[in-house]
Amino acid sequence: MLRFTFGTTVKYGDKMAHYEDWEKLPEETKDLERARQSLVEELEAINIYQERIDTTRDVELKKILEHNMDEEKEHVAMLMEWIRKRDRAQDRKFEEHD
Ligand SMILES: [Fe+2]
C-alpha cells in the first residue's frame, strides 16, 4: 500500500505524470521513466514500512513489516541495476561524483 499526494499534475494508478506528449517519446525514454517512477514508489514504500515498524507495538507484525521492507530494498536494487545498464551517465555517477 502506498501513500500518494494529490492536487498537482501528478496522476497515479496506471498513469504516470507526463510533461510532454507521451506518444512522441522514444520507447527507451518511456521504459526509463517507468523504471525511475517504480524506483520512487519502492523508496516511498520503504519509508512507509519504516514508520510502521517504528510505531507498532506488536512484535510479530514488526517482523513481518521488516521482512516486507527488506523485499522493497531488493526491488530498489533491481531497478537501480536495470537503470544503470541503460543510462550510462547515471551509471558513471556511482563511480565518480563530488
Ligand atoms: Fe516493491
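## Around Arg84

Let's start with Arg84: leaving aside residues up to four places away in sequence, Arg84 touches Gln90, Asp91 and Phe94, where a contact means C-beta atoms, placed from the backbone, within 7 Å. Arg84 and Phe94 sit 10 residues apart in sequence, and their C-alpha atoms are 9.0 Å apart in space.

Arg84 belongs to helix 2. It counts as partly exposed because it has 14 C-beta neighbours inside 10 Å; the cut-offs are 20 or more other C-beta atoms within 10 Å for buried, 12 or fewer for exposed, and partly exposed in between.

## How the model is set up

This is a predicted model, where local features need pLDDT of at least 70 and side-chain atom pairs count only at pLDDT 80 or more, while totals for chains, interfaces and linings use all residues. Numbering starts from 1 along each chain, as its sequence is written.

## The overall layout

The protein has three helices and zero strands, going by DSSP runs numbered from the N terminus (helices are H or I, at least four residues; strands are E, at least two). From the N terminus, the order is α-α-α.

Of the 98 residues in the protein, 5% are buried. Among contacts with a separation of 6 or more, 51% are between residues 24 or more positions apart.

## Helix 1

Helix 1 covers residues 27–55.

Which residues of helix 1 are buried? They are Glu42, Ala45 and Tyr49, and the buried residues of helix 1 pack against helix 2 (59–86).

Technical notes. Two residues are in contact if their C-beta atoms, placed from the backbone, lie within 7 Å. The expected span of a helix is 1.5 Å times one less than its number of residues.
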